[in-house]
Amino acid sequence: MNDPGKSDSPIVPRRAPNKGSGTPRPAEEQEGRGLAKGNSGQQTRYRTQSREDLQGALDRIRQAAGRDKKQRFTALWHHVYEVGRLEQAYKRLNRKGAAGVDQETWETYGESLEERLEDLAGRLQRGAYRARPVRRVYIPKGDGRQRPLGVPTLEDKIVQRATAEVLNAVFEQDFLGFSYGFRPGRGAHDALDALSVGLVRKKVSWVLDADIRGYFDAIDHEWLVRFVEHRIGDQRVIRHVRKWLKAGVLEDGEVTWAEEGTPQGGSISPLLANIYLHYVFDLWVKAWRRHAEGDVIVVRYADDFVVGFQHRHEAERFLAELRERFAKFGLELHSGKTRLIEFGRFATERRAERGEGKPETFDFLGFTHACGRTRNGSYKVVRLTMKKRMRAKLKALKAELRRRMHLPVPEVGAWLAKVLNGYFRYHAVPGNSDRLWAYRFHVGRLWHRALRRRSEKTRLNWTRMARIIARWLPHPRILHPYPDQRLCVMTQGRSPVR
């Protein structure tokens with residue numbers, strides 16, 4: 001099996017682009033087109049460039065990348081520092097996002113946007129741009145621990161987002177169908193539906209529920225750069241990727257540097273993480289299952305993945321070989337969160353014959369997956385909101401209701417309606433109605449408790465509270481189609497888990 005860290009054939013340098021006689025020197029686009037005979041006075045960026053022009057450039061890159069899977073793009077950086085692309089990147093940032101080490105916010109940067117973007121584009125063009133350290137912050141996780149996030153400066157966010165957009169045009173042609181995380185046109189529900197359809201339609205009897213220990217902190221910088229260089233030959237792009245990896249982390253007034261890991265929170269971090277696992281995991285799995293005796297399904301969303309097998313001995317062999325594969329690239333499976341369980345169409349009957357009870361369940365993307373039956377007795381995969389995730393949401397909601405305790409009821413009610421609607425938008429999948437109603441009930445109970453604490457004299461009975469809940473808290477309803485319905489439209493006959 002070939003090692004994706006090594007190129008299958010030697011890299012042949014392409015003919016150097018025309019230099020031209022104008023100033024600044026133009027960079028030719030290696031997009032499958034012939035080089036221009038002469039381009040004196042040609043501009044490399046346009047302030048008034050339209051959105052169609054910017055999109056057209058990316059379309060040409062996509063077409064070239066799709067035609068030749070081994071082509072290395074040697075002139076991409078000028079697409080990044082186009083002022084129009086930087087402006088688009090700025091406008092797509094979260095306007096309420098946390099500020100980096102320079103304390104620059106989206107609003108303050110936009111006060112003189114045109115001048116600042118022109119200055120940024122100039123620094124990117126002449127190589128004067130410098131990446132700043134990221135600011136370390138922590139957000140709570142569902143299990144009570146804290147997840148570290150890196151907050152880049154606003155300019156770093158802009159440049160990273162513009163770079164990710166250009167690189168996506170290349171690597172989206174390479175990413176495989178069973179990869180769903182942080183990709184345009186794909187989301188968590190597409191991954192959930194693909195998994196459900198694969199478990200039902202394929203002969204799956206064993207499921208590997210895997211977790212990579214500290215994935216974002218374990219990415220090896222040198223391997224990552226080598227993977228990017230498989231497709232990107234523009235050393236200006238590579239140099240800036242190295243800058244972001246080596247920028248350091250500011251915490252408690254001290255800057256630290258690491259030889260591995262990419263901080264979560266950067267605009268380019270999800271793409272780099274996908275590239276790493278594409279070469280370390282995806283291509284390896286694709287080659288591995290060609291030699292499998294039975295059915296094998298794979299669904300990956302960022303660093304979370306589930307693999308289904310028809311035969312137990314193949315599942316065990318896969319797990320052993322996967323550990324070796326990951327160790328080669330500095331990754332490790334979490335021993336406490338990686339399990340091989342019996343799961344599938346015949347799991348219930350087989351376990352009952354052995355007196356082992358119901359099949360085990362596994363969690364993926366916020367849902368607990370279990371074996372179930374339809375009304376007519378057919379096998380189906382039941383997806384329920386994870387109880388741990390629901391408890392964490394209610395705990396956070398309880399603290400916020402305590403903070404808003406003395407606000408008017410209509411104001412709190414309108415806020416809770418938004419919270420519930422947001423919760424339903426993700427969790428309202430077929431078969432999950434009971435968990436949705438339970439969440440609404442607990443929200444109403446927490447609100448009732450908060451209102452009763454507003455005064456020691458007045459007591460809000462449950463009859464009156466029920467009217468308030470009926471007025472403000474929306475009723476849950478299923479918002480997502482059945483998995484096979486969505487996948488039928490999305491894949492148009494192709495396998496959802498290939």
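Two strands are taken to pair if DSSP finds at least two bridges between them. Helices (H or I, at least four residues) and strands (E, at least two) are DSSP runs, numbered from the N terminus. The model is predicted: local features need pLDDT of at least 70, side-chain atom pairs count only at pLDDT 80 or more, and totals for chains, interfaces and linings use all residues. Residues are numbered from 1 along each chain as its sequence is written, and side-chain values use heavy atoms, with hydrogens and water left out.

**View 1. The open sheet β6-β7-β3-β8.** Four strands form this open sheet with antiparallel pairing. Its edge strands, β6 (296-301) and β8 (339-342), each pair on one side only. The twist from one strand to the next averages 15 degrees. Between β6 and the antiparallel strand β7 (residues 304-309) there are six bridges, and V298 stands opposite V307 in β7. Helix α11 packs on the sheet, touching β6 and β7 (contact: heavy atoms within 4.5 Å). The direction of α11 makes about 175 degrees with that of β6; axes are lines fitted to C-alpha atoms, for helices over the stretch in contact, and angles run from 0 to 180 degrees between N-to-C directions. Helix α12 (residues 312-328) also packs on the sheet, where it touches β3 (206-211), β7 and β8. Its direction makes about 145 degrees with that of β7.

**View 2. The packing of helices α9 and α11.** Helix α9 (residues 221-229) packs against helix α11 (residues 269-288) at an angle of about 85 degrees, and their axes lie 9 Å apart. The two helices are therefore roughly perpendicular to each other (65 to 115 degrees). From α9, W223, L224, F227 and V228 meet L272, I275, Y276, Y279 and V280 of α11. By class, this contact has nine nonpolar residues (Ala, Val, Leu, Ile, Met, Phe, Trp, Tyr, Cys and Pro), with no polar and no charged residues.

**View 3. Strand β1 and its pairing with β2 and β4.** Strand β1 (residues 134-140) pairs with strand β4 (residues 249-251) in the parallel sense over two bridges. Here R135 stands opposite L250 in β4. Six bridges join β1 to strand β2 (residues 146-151) in an antiparallel arrangement, with R136 opposite G150 in β2.

View 4. Strand β9 (residues 362-364) pairs with β10 in the antiparallel sense over three bridges, and the bridge partner of D363 in β10 is T368. Seven bridges join β10 to the antiparallel strand β11 (residues 379-385), in which L384 is the bridge partner of T368.

Conventions:
Parallel < 35°, antiparallel > 145°, perpendicular 65-115°, else oblique.
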